[in-house]
Amino acid sequence: MEIKEERSSDEARQFFPSSQLDSLGEPQLTSIQGIANEPKLEFSLACKDLVAATRDRKLNTFIQVSVVHPAEHILTRYSSTEIVEGTKDPLFLTGVTFPPEYPIYEETKIKLTVYDVKDKSQDTRSFLGCATFRVGDLVKSKDQQLTLTLRTSDGGRTVGTIEVNLVKMGELEEGETDHITADAQDQKCALFRECTATEGISGKDNLPSLNAVLRNPVCKLYRFPTSDNKWMRIQEQMAETTLSFHVPKELINLHIKEDMRRNQELKDLGELAPHWDNMRKSVIAHCDQMLSMYQDTLAELMKHTGSSFKSSCSKGEKTLEFIPINLHLQRMHVHSPRLKDALYDVITVGAPAAHFQGFKNGGLRKLLSKFEAERRNTGYQCIYYSPENTAKAKEVLSNISHLQPLISSHADLLLSSASQRSPDSLKNSLKMLSEKTELFVHTFKDQLVRSALLALYTARPGCVLKNSAVPRKSVEEGADAQHQDHPSHIKRQDSIPHHSEYDEEEWDRVWANVAKSLNCLIALVDRLLEKDNMSSIKEGENEPSAADCKVLHTEGDWYEQLYPLVITLKDCMGEVVTRAKQSMAFVLLQELACDLPQCLMLTLRRDIVFSQALAGLVCGFVIKLHTGLHDQGFLQQLHTVGLLVQYEGLLSTYSEEAGMLEDMAVGISDLQKVMFKIIEAKSEDFLPIITGRREQYIIEVQLPAKMFELLPQEIKEGKLLRMYPVLFNVGINEQQTLAERFGDTTLQENINQENLELLKEYYKLFMEKMPPDCLPHFQEQNDLKELLESLHQNIQAKKRKNVEIMWLAATICRKLNGVRFTCCKSAKDRTSMSVTLEQCSILRDEHQLHKDFFIRALDCMRSSRKTQGALNESDDPETGCLTDNKPTSRHFYPVALLLVSSHLLVVWLILSLALLLAKYQ
């Protein structure tokens, strides 16, 4: 509820006696003593004997809390409670909390204003009364309670009383629940207060590495009865994350470097025939434009200094299109009287999608399929390479860039060890050199490199292709007989004609020379070490003469003997690198040239969607790692099997949301190419480090030394940790009703079926590699195999709005120690409803929430979110940012009712269109 509060300094001054103000207007302030990382002040509110304006009216009241800062003498609105309906004695479930950093003192005055809400839909309310108190009076009161008289604005008539009770952070009243009064039960019977302390988020240790990625946590506390008439305490927390901007900025920076390397590799292709050269110039020009766009976007993001998340009203902004929408951590910490405390995390985020690009032609799933079909039907102006071969070419280029400097470095270390005449160091250097060189040679044992070299040779100036030069075997394997005499019809990579002057075996000799050079080097090192060993034995038996020493010194100059072979190895490697890089760059040229503008735009769209998905994944991984840091079973699962990441989608398959779902499906699938690595932090900067390229990324998560020591040896040694993302989507809004009745739900069905198979693969791998005692403690209640079978049956049933799919997938994820995500268009209405329902269901099924209080608990948790604007479509949940398209649903009849009759539906559509036209005229 938005109340415009007056903030005049004159009104504030009346709260302070003139003797308290010095000539500078600064009072002497007394700090409130508190515990670190806990709120300075918390109090709850309740009213009694409120007087309505008319005798028959039932009051719907809430309290506005305002603060007068003694140093500024300005009245500032601070917070408000929820609305309690239909009673003159409201017990407000929302408390008031001042965080540790808030400047509040004993001299601070607080004004409490009570309003009566007459009509929520019209946002009309009336002033009932107000009261003020001094913070020091509350803190020093005997019972830590104040009873204040509510008076009208002129200070005359009394309209009731208001009770202010001091609350200490973490207190939980013991005892039975049978003392709850009937009046309290009518007001939902749950106690909760709101705070912004970081204790709940970071734990007792206040971990700096976790605080580096989380910002502005908001904490709510509830108290619900259990089935055995005890109290359970629920601490719910929501936090923003700095990763919303950090990850996209790191990713865009990598894209810029990768694209600059690719452009340079295209320029280094050498001299090409006019057709290919013109194609190259066109590709480079377009790539330079795209590169400039990435650089401009990064520059704008570097200037960003506002909120640490992107609100839903900014989803269409071009400069923020790489940023995820409303990325937040939602955590529920349950303290049960008889059960072990439990922690449940859900990451909420808007569906990863390219909103600025739009969905007129669908999303990535459809666009990529269409693009690939068009590439297959391209003419001879470019050569078709499959997506797998294109990815292989990028992998070869990446391996070259990674391995070549490593081999050169190890070769230099070998020579250094030889000059120092250190046998052990020489052995180690040779071992490392051999391993990296073998990987290097293995990279080029691929038919793609051979065929690409041939294609590049035919693209050189003056190269003339002859039909007679095409071997019969090649034609039979790679082309139809009708294409033998018509080179212009040849489209496929496997149909590239062979040139009579091109020696195919030349490439084999070139890269084989690297292996031969390495073998010669190994043989020489073995001989040198053997002679050195024999010389040591002889020296031990007989003292050598001066002549013998001279001979040994000449034969023992290891550096001079190894140096020529090392140079030969580097030269051979350089020749291989030059040819391989040019051939792979030629493959990438074909990919870009087949449909130049569309190819780059699809790459941009995919980068945007992946950036949003990756930011959420990194956030989820960091949170899960800190939560399970002391769970050896989880850590073993992490490096043995990998981490399951389950996305719950609530998008419809109608209109634009179908395109969003297509984007989201591709973005989440692309997360399979992400690997995590945990390293020890060397500084106070604990933000993750991202390396890699578009086909493979490595996220390095930094931990402080004390936390790093808790990890298994395999993880500390740098083992890469795999991710297994799965997406299950069930549309639940009115648009999905239209899609199911008049549209198509095949997209949703296909996505759910595909990801069910991925989930089954992960479960199979988990059961093969992990002992059964690594499952969570409540595994005995439901068998995972039965849950998977039930999920399979529900997906096959194709039932409308089958939310059972969501519940089963989420349950399986929690039992497999996975990370949970909930997504809708903007991570607001549908996401909030889903998260609160899941939380209350967990309380009921796992923590014995009293069955009579399930709906009350759900209403309480949802009402607290609603007061923040989380369920108001016209407001952003965290910032209250107003949008231009306020909801018009109040003007329409319920869709479910109208769907009973197709005639009524037509009438409804006509009336809705008429109202919309009238509104915007």
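Helix 8 passes helix 16 in a left-handed crossing, meaning the near helix is turned anticlockwise from the far one by less than a right angle. Keep in mind that this is a predicted model: local features need pLDDT of at least 70, side-chain atom pairs count only at pLDDT 80 or more, and totals for chains, interfaces and linings use all residues. Residues are numbered from 1 along each chain as its sequence is written, and side-chain values use heavy atoms, with hydrogens and water left out.

**Helix 8 against helix 16**
- Helix 8 (residues 364-376) and helix 16 (residues 596-627) pack at about 150 degrees, axes 11 Å apart.
- That angle makes the pair roughly antiparallel (over 145 degrees).
- On the helix 8 side, the contact (heavy atoms within 4.5 Å) is made by Leu364, Leu367, Leu368 and Phe371.
- Helix 16 brings in Gln598, Cys599, Leu602, Arg605, Arg606 and Val609.
- By class, that's seven nonpolar, one polar and two charged residues.

- Beyond four places in sequence, Trp507 is in contact with residues including Phe444, Val576 and Arg579.

**Leu298**
- Leu298 sits in helix 7 (residues 274-303) and is buried at 14% relative accessible area (the cut-off is under 20%, with a 1.4 Å probe and protein chains only).
- Leaving out residues up to four places away, Leu298 touches Lys249, Ile252, Asn253 and Ile256.

Conventions: Helix = DSSP H or I, 4+ residues; strand = E, 2+ residues; numbered from the N terminus. Buried < 20%, exposed > 50% of the residue type's maximum accessible area, 1.4 Å probe, protein only. Axes fitted to C-alpha atoms, helices over the stretch in contact; angles between N-to-C directions. Parallel < 35°, antiparallel > 145°, perpendicular 65-115°, else oblique. Nonpolar A, V, L, I, M, F, W, Y, C, P; charged D, E, K, R; others polar.
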